[in-house]
Amino acid sequence: MSLYIVSTPIGNLGDITVRASKILAECDLILAEDTRTSKKLLDHLGINKPMTAYHDFNKEKITPQLITSLKSGSEIALITDAGTPGVADPAFYIVRASIANGINVIPIPGASACLAALVASGLPTDRFTFENFLPNKSTQRRKLFEGLKDEPRTVIFYETPHRIIKTLEDIRAVLPGVNVVIARELTKIHEQFLRGTAEELLAHFNGHPPKGEMVILFNTRIQRATATAQ
């Protein structure tokens, strides 16, 4: 009886690991954040296994029955739409329940957008903090940025193209001059890294409407951009 936390590609399907493919092919059930999205990956791998949706809106309802199945000897793999489960998704809920019930929880490492962005950002990688998605309201975001003014670690968070302009405006207001890196569409055809101050990045997006999922990084110790957005 084991729950496998299986990392999947964040864009390029070639990033699936051999071990992940093997676990997905051999398990009894796959829990997926969005079964339609995950089916594309499974079809690519030639894997045909039962799938059940597992997300924030049903986790409390279905976790007890999943724990029962696991305690009966089932091998279940949990995947997310992209990347490593447990990072900006509800995996923590079933992981905690599994541990409480004496079920083996086995990580199957692989792609992670925040780590991929970090190692290619040019910002310090020795210490970092991940803030997930920021608050929706500008006042809350600015308060968070105020609290990060003396943060020595590299800060990483996720952002959508619909909100990136407002977020950059908040960074400009609270952390003027700080070096910001935007990693966009990681591992996909249009992968792009933009580097510069919030002011410079806002100027870039004036001529290039923001598209795609983004990872945003900055480090308050680095006040001068090493390269501006192109």
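The model is a predicted one. Which residues of α2 are buried? They are S38, L41 and L42. These residues lie on the same side of α2, because they span an arc of only 95 degrees around the axis. Now turn to the face directed away from the buried side, where the exposed residues R36, K40 and H44 are found.

Next, inspect the two ends of this helix. At its start, a side-chain oxygen of D34 comes to within 2.9 Å of the backbone nitrogen of R36. After α2 comes G46, which has a positive phi, near 70 degrees.

Select β2 next. L29 and L31 point one way from the strand, I30 and A32 point the other way, and all are buried. β2 pairs with β4 in the parallel sense over 4 bridges, and A32 stands opposite I79 of β4. β2 also runs parallel to β3, to which 3 bridges join it; here A32 is opposite A53. Follow the chain from β2 through α2 to β3: this β-α-β crossover is right-handed.

Finally, select S72, in the loop between α3 (59-71) and β4. Is S72 buried or exposed? With a relative accessible area of 63%, S72 is exposed.

Definitions and conventions: Residues numbered from 1 in each chain as written. Predicted model: local features only at pLDDT ≥ 70, side-chain atom pairs only at ≥ 80, totals over all residues. Heavy atoms only, no water. Buried < 20%, exposed > 50% of the residue type's maximum accessible area, 1.4 Å probe, protein only. Arc of directions from axis to C-beta. Polar contact = N/O pair within 3.5 Å; in protein donor to acceptor, adjacent residues only side chain to side chain. Pairing = 2+ DSSP bridges. Right-handed = clockwise from strand over helix to strand, strands pointing away.
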